[in-house]
Amino acid sequence: MRLNKFLSNSGVASRRKSDDLISQGKVRVNGKTVTEFGTIINEKKDKVEVEGKAVCLPSSFVYIKLNKPKGYACTANDEKGRKTIYELVKCEERLFSVGRLDYDTEGLIILTNDGDFANKIAHPKYAIEKEYKVNIEGEIKESELAVMRKGAVVEGEKMPSAKVKFLSYENGITKLSVVIDEGQNRQVRRMFEAIGKDIKQLKRIRIGGVKLGGIKRGDYRDLTPEELDMLVRGK
């Protein structure tokens with residue numbers, strides 16, 4: 001198995017980032033530093049270490065969907081000492097999130113120890129849709145919706161286009177559905193900042209064909225075979 005694939009499947013990093021770790025001399029195989037791309041290893045016999053820590057393939061793959069509450073970070077060790085989503089999930093395997101939600105965003109997030117699966121779901125090339133429910137303060141004009149549908153400009157950079165649908169307006173709050181298929185960092189929040197709108201609640205409710213469903217905040221469950229198949233097929 002190629003070393004970068006081994007590292008990816010072990011949940012260390014994507015293949016591209018694994019290549020970076022290799023080129024930086026942070027990976028050792030059987031006690032020797034390896035810096036060559038395309039290195040082949042025996043995944044059953046060779047001992048692999050990254051920055052001094054042993055790495056191995058998971059004994060089995062795990063696929064979990066979690067309803068992330070607001071106020072949790074999507075990192076294993078948060079530098080600010082905040083609560084993390086990994087405190088909510090009891091699993092012996094080393095998990096990582098497929099994409100992230102920022103600290104103040106809630107909703108659907110997928111956790112796994114399958115590196116190839118995670119890279120496919122998160123990669124822009126596969127254009128897997130992510131749907132968000134957005135509550136903003138005040139009313140919104142059709143012209144402002146049109147800006148986001150075409151791609152809002154943030155600090156001179158044009159954001160990817162989005163599907164934006166008006167849902168309702170009640171008690172000073174406008175509710176919208178926003179669908180994106182690239183997932184740049186803080187993309188939805190930046191879109192609304194570009195048109196001067198304040199987001200009161202941001203919640204991801206769907207990734208591809210997988211919906212958040214009836215999972216309470218902070219709870220999780222395994223993906224069903226049907227849900228997993230939809231994601232693998234990019235549906």
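Accessible areas here come from the Shrake-Rupley method with a 1.4 Å probe. On that basis I noted that the chain exposes about 13,100 Å², with carbon and sulfur atoms supplying 46% of it. The model is predicted.

**Overall form.** I looked up the extent of the chain and found that its C-alpha atoms fill a box of roughly 65 × 40 × 35 Å along the principal axes. I counted 6 helices and 15 strands in the chain. Of the 235 residues, 45% are buried. I then took the contacts between residues at least 6 apart in sequence and found that 62% of them join residues at least 24 apart.

**Charge.** I recorded 46 positive and 35 negative side chains; the centres of the two sets lie 1 Å apart.

**Cores.** I turned next to the largest nonpolar core, which has 29 residues. V134, I140, M148, V178, V188 and F192 have the most contacts inside this core. Among the elements that give it two or more residues are strand 8 (130-137), helix 4 (142-150), strand 12 (173-180) and helix 5 (187-194). I noted a second, separate core of 14 residues, which includes I110, F117, L212 and L223. Returning to V178, I listed its contacts beyond four places in sequence; they include V134, A162, V164, V188, M191 and F192, as well as K130, E131 and K163.

I traced 4 strands that form an open sheet in the order 2-1-3-4, with antiparallel pairing. Strand 2 (32-33) and strand 4 (53-55) are the edge strands. I found that strand 1 (residues 27-29) and strand 3 (residues 48-50) pair over 3 bridges, and that V50 in strand 3 is the bridge partner of V27.

Note on methods
Residues numbered from 1 in each chain as written. Predicted model: local features only at pLDDT ≥ 70, side-chain atom pairs only at ≥ 80, totals over all residues. Heavy atoms only, no water. Core = buried A, V, L, I, M, F, W, Y, C linked by side-chain atoms within 4.5 Å. Buried < 20%, exposed > 50% of the residue type's maximum accessible area, 1.4 Å probe, protein only. Contact = heavy atoms within 4.5 Å. Pairing = 2+ DSSP bridges. Lys, Arg positive; Asp, Glu negative; His and termini not counted. Charge placed at Lys NZ, Arg CZ, Asp CG, Glu CD.
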